[in-house]
Amino acid sequence: MTQVHPETQWPRWEIFKQDSEKRPYQAVGSVHAGDPDHALLTARNVFVRRPAAVSLWAVREADILIATPEEAASRPELFQTPGEAETYHVGVKKSHKRSMTFVDLVGTVDASGPGDALRQAKEQHADALAWLVFPSSAIVRTDDDPGTVESWFAPARDKTYKQQQYYGVIGKHVGELKRSGRMPGRATEEAPGAGHRGDDHPHDAFPAEQTAHEVKR
């Protein structure tokens, strides 16, 4: 197995995308980048080439504290993770359903550190499948001015891209064809000459007695 040496890779950044001003930021994946600007540019190329977006956040993986209920139960020291007292963003994972996004940012808490923020997130969203917190000061974001939004995201918004679910599934189309009587059926009558393959041996068509007689001779 290939060993990965952390010092040979750029830091990893988690990317949060906002599809519109009325939508929450959602975690869409991660990139490796050498600095904040590099992280945002890479994120735009990877995650915003076609789907709509109005803003991107990048947060270094090292600044994020995340835990599942199982990890929170087995590692209570996570709630003692030290850090700066400030405002922390809270993200939760609510479903196992496969999606292009993984965690929704649902609000902020004022906490004494990331451990305290994680504790508050767990209390406020007890039914979550995972909690994620990071300080506001760790966010690198795209500018909100109209010029930046237009130059970064407008070309993507105008793409004629459709999500996979737009096209439905094959079974749905087959059902529609059957209901409308347009589904081709199997032939009920054999066409002339049917039943004989081109590779059939001529003796296969002889009566059984004749074939046995010829074999005796």
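Strands β5 (residues 86–93) and β6 (residues 103–111) run antiparallel and are joined by seven bridges. Strands here are DSSP E runs of at least two residues, helices are H or I runs of at least four, and both are numbered from the N terminus. Two strands count as paired if DSSP finds at least two bridges between them. This is a predicted model, in which local features need pLDDT of at least 70 and side-chain atom pairs count only at pLDDT 80 or more, while totals for chains, interfaces and linings use all residues. Residues are numbered from 1 along each chain as its sequence is written, and side-chain values use heavy atoms, with hydrogens and water left out.

**The sheet**

- Strand β1 (residues 12–18) runs antiparallel to strand β3 (residues 55–60), with six bridges between them.
- In that pair, K17 stands opposite L56 of β3.
- Eight strands form an open sheet with antiparallel pairing, in the order β4-β7-β5-β6-β2-β1-β3-β8.
- β4 (65–67) and β8 (140–141) stand at the edges with a single partner strand each, so one side of each has no neighbour in the sheet.

**Helices on the sheet**

- Helix α1 packs on the sheet and touches β1, β2 (26–32), β3 and β8, where contact means heavy atoms within 4.5 Å.
- The direction of α1 makes about 115 degrees with that of β2; axes are lines fitted to C-alpha atoms, for helices over the stretch in contact, and angles run from 0 to 180 degrees between N-to-C directions.
- Helix α3 (residues 114–124) packs on the sheet too, touching β4, β5, β6 and β7, and its direction makes about 120 degrees with that of β6.

**Helix α1 itself**

- The twelve residues of α1 (residues 36–47) should span 16 Å at 1.5 Å a residue, which agrees with the 16 Å between its end C-alpha atoms; the expected span is 1.5 Å times one less than the number of residues.
- A39, L40, T42, A43 and F47 are the buried residues of α1, buried meaning under 20% relative accessible area (1.4 Å probe, protein chains only).
- Seen down the axis of α1, these buried residues fall within an arc of 165 degrees, so they line one face of the helix; the arc is that of the directions from the helix axis to the C-beta atoms.

**The whole chain**

- The protein chain has six helices and eight strands.
- Buried residues make up 31% of its 217 residues.

Terms used: Buried < 20%, exposed > 50% of the residue type's maximum accessible area, 1.4 Å probe, protein only.
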